[in-house]
Amino acid sequence: MAVFRKPDVVALQELKSADDDFPASAIGKAGYGAVWRGQKTWNGVAILARNADPVLTRSELPGDRDDREGALYRSRRQRHHRHQASIFRTANPPARPKFDFKLAWLKRLKLHAAKFLKAGYPRGAGRRLQRRPDRARYLSDSVVGTRMR
Amino acid sequence: MYTFWDYKRKPLPRDAGLRLDHLLLSPALAPRLIKAGVDRKARAEEGASDHAPAWIVLR
């Protein structure tokens with residue numbers, strides 16, 4: 001991805017790699033510092049910063065002490081500026097109770113985002129959230145429900 | 001504008017995609033947005049992810 005435009009900040013999702021397997025040295029050779037949160041299966045997210053070392057400030061959303069997955073929240077401080085970038089991704093749970101977990105997680109995300117917006121920091125976020133698509137054939141697919149919007 | 005095209009049923013030529021990936025800016029950051037887009041060409045590459053890179057340029 002970095003080869004296309006040399007972006008300053010890259011948000012990656014679906015790492016499909018455990019923490020230990022994350023190719024940090026190869027990414028470093030390409031000129032990027034990285035923070036990541038791997039998962040063995042589909043999920044896992046990372047933030048890369050060109051010629052900088054991102055600082056991890058949070059790896060789970062507040063509000064659920066048992067939550068060990070689904071969120072990553074990273075920020076980057078450089079010189080006197082405070083740049084913040086976050087990436088969020090949650091699984092596409094096909095069935096309860098994971099579906100309920102995701103709905104609760106989205107609610108926590110909303111609360112947390114509201115707090116930051118109130119503080120007024122310039123802030124960017126990458127997210128991947130299933131939105132209900134317009135095509136009818138997807139409506140039977142349980143990963144995308146109207147409540148996920 | 002889409003960011004995702006499934007591996008099944010050759011969705012790219014039909015542009016049967018989904019808009020799954022978003023870049024969100026806070027009100028304080030939004031005025032610095034210059035442009036935004038999706039690199040569709042990356043999706044057409046051999047062995048590509050089913051998501052294409054979405055990008056923004058900030059001033």
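Among contacts in chain A between residues at least 6 apart in sequence, what percentage join residues at least 24 apart? The figure for chain A is 52%, where a contact means heavy atoms within 4.5 Å.

Before I go on, please keep in mind that this is a predicted model, in which local features need pLDDT of at least 70 and side-chain atom pairs count only at pLDDT 80 or more, while totals for chains, interfaces and linings use all residues. Residues are numbered from 1 along each chain as its sequence is written, chains are lettered from A and ligands numbered from 1 in the order in which they are written, and side-chain values use heavy atoms, with hydrogens and water left out.

Chain A has 3 helices and 7 strands, taken as DSSP runs numbered from the N terminus (helices H or I, at least four residues; strands E, at least two), and from the N terminus their order is α-β-α-β-β-β-β-β-α-β. Of its 149 residues, 42% are buried, that is, under 20% relative accessible area with a 1.4 Å probe, protein chains only.

Turning to one sheet in chain A, we find an open arrangement of 3 strands in the order E1-E3-E2, with antiparallel pairing, where two strands pair if DSSP finds at least two bridges between them. Strand E1 (9-12) and strand E2 (32-38) of chain A are at the edges with a single partner strand each, so one side of each lacks a neighbour in the sheet. Within that sheet, E2(A) pairs with strand E3 (residues 44-50) of chain A in the antiparallel sense over 7 bridges, and Trp36(A) has Ala46(A), in E3(A), as its bridge partner.

Notes: Buried means under 20% relative accessible area, exposed over 50%, partly exposed in between (1.4 Å probe, protein chains only).
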